[in-house]
Amino acid sequence: MKKRVISCLMVLVLLVSLVPVGAFAGFGDTEITKQPIDVSVDVGDTATFTIEAKNPNSTDLKYIWFDAKQVNTDNINDYDSFVKEAEKVMLGSKKTLSLENVTEDMDGMTIRCAVYYTKLLVRRDLTLSDAATLHIRPSECKVHTVEKVDAVAPTCASAVSYTHLTLPTTERV
């Protein structure tokens with residue numbers, strides 16, 4: 001009888017070891033209560049994204065902000081593999097993501113956040129936010145040049161008509 005119990009336990013341990021990590025995680029307990037939204041900023045400014053989430057099983061939620069174009073989110077069967085992939089391109093790990101000194105080449109970046117908690121070293125209940133897009137306003141609207149324009153032709157500054165402009169002159173010595 002003792003050998004039979006040990007054999008059954010060994011089979012059970014073998015079966016459990018074949019199940020992917022995270023398979024016993026609670027499903028749907030993490031709720032994102034405030035999704036990140038699209039942000040528009042000028043070149044050189046700071047873009048800020050925020051998320052709010054809750055889970056009745058944990059008050060210690062983890063956050064991974066990432067560029068959604070760099071991480072495959074179509075088939076998340078293994079939380080550990082997904083988290084490792086997302087951490088390689090992680091942009092932040094708190095409720096608020098601040099991207100400082102943004103550049104024009106960041107325009108159109110698609111940002112997402114993965115929220116989960118860890119219990120007994122196992123990542124549980126991973127939930128993904130909606131995607132939010134970073135929009136960068138072109139830098140040419142920050143620099144204005146003075147030139148004659150018709151009053152009906154808008155510029156970055158406004159629709160102003162300059163008919164006469166006197167510039168300082170320097171005399172030749």
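Student: What makes β5 count as largely enclosed in this predicted model?

Tutor: Five of the six residues of β5 are buried, so the strand is largely enclosed by the rest of the structure. Two of its residues can be checked one by one. W65 is found in β5, and its relative accessible area is 0%. F66, in strand β5, also has a relative accessible area of 0%.

Student: Why is W65 called buried?

Tutor: The cut-off for buried is under 20% relative accessible area. W65 has 0%, so W65 is buried.

Student: Which strands pair with β5, and in what sense?

Tutor: β5 and β8 pair in the antiparallel sense over six bridges. β5 also pairs with strand β6, residues 90-92, in the antiparallel sense, over two bridges. Pairing needs at least two bridges, so both cases qualify. As for individual positions, D67 stands opposite I111 in β8, and the bridge partner of W65 in β6 is G92. W65 and L91 are 26 residues apart in sequence, with their C-alpha atoms 5.2 Å apart in space.

Student: Why is the pair F66 and F82 called edge-to-face?

Tutor: The ring centres of F66 and F82 are 5.8 Å apart, and the planes make 80 degrees. Centres must lie within 6.5 Å for a pair, and planes over 60 degrees apart count as edge-to-face. Both values pass, so the pair is edge-to-face. By this rule the count comes to one aromatic pair.

Student: What makes this pair a link between distant parts of the chain?

Tutor: F66 is in strand β5 and F82 is in helix α2, 16 residues apart. F82 is buried, with a relative accessible area of 4%.

Student: How do you know that the buried residues of α2 line one face of the helix?

Tutor: In helix α2, residues 79-88, the buried residues are Y79, D80, F82, V83 and A86. Seen down the axis of α2, these buried residues fall within an arc of 160 degrees, so they line one face of the helix. The face turned away from that buried side carries the exposed residues K84 and K88.

Student: What makes the side chains of β10 alternate, and which of them are buried?

Tutor: In strand β10, residues 132-137, A132, L134 and I136 point to one face and are buried.

Student: Why is S58 called buried when S58 lies in a loop?

Tutor: S58 lies in the loop between β4 (52-54) and β5 (62-67). A polar atom of the S58 side chain lies 3.0 Å from the backbone nitrogen of D60.

Student: Why is N101 called exposed?

Tutor: N101 has a relative accessible area of 55%. Exposed means over 50%, so N101 is exposed. N101 is found in the loop between β7 (96-99) and β8. Phi of N101 is near 50 degrees, a positive value in a residue other than glycine.

Student: What does the protein chain come to in secondary structure and burial?

Tutor: The chain has two helices and 10 strands, in the order α-β-β-β-β-β-α-β-β-β-β-β along the sequence. Buried residues make up 30% of its 173 residues. The accessible surface of the chain comes to about 12200 Å², with 55% belonging to carbon and sulfur atoms.

Note on methods:
Residues numbered from 1 in each chain as written. Predicted model: local features only at pLDDT ≥ 70, side-chain atom pairs only at ≥ 80, totals over all residues. Heavy atoms only, no water. Buried < 20%, exposed > 50% of the residue type's maximum accessible area, 1.4 Å probe, protein only. Helix = DSSP H or I, 4+ residues; strand = E, 2+ residues; numbered from the N terminus. Arc of directions from axis to C-beta. Polar contact = N/O pair within 3.5 Å; in protein donor to acceptor, adjacent residues only side chain to side chain. Areas by Shrake-Rupley, 256 points an atom, 1.4 Å probe, with all protein chains shown as cover. Phe/Tyr/Trp six-rings, centres within 6.5 Å; stacked < 30°, edge-to-face > 60°.
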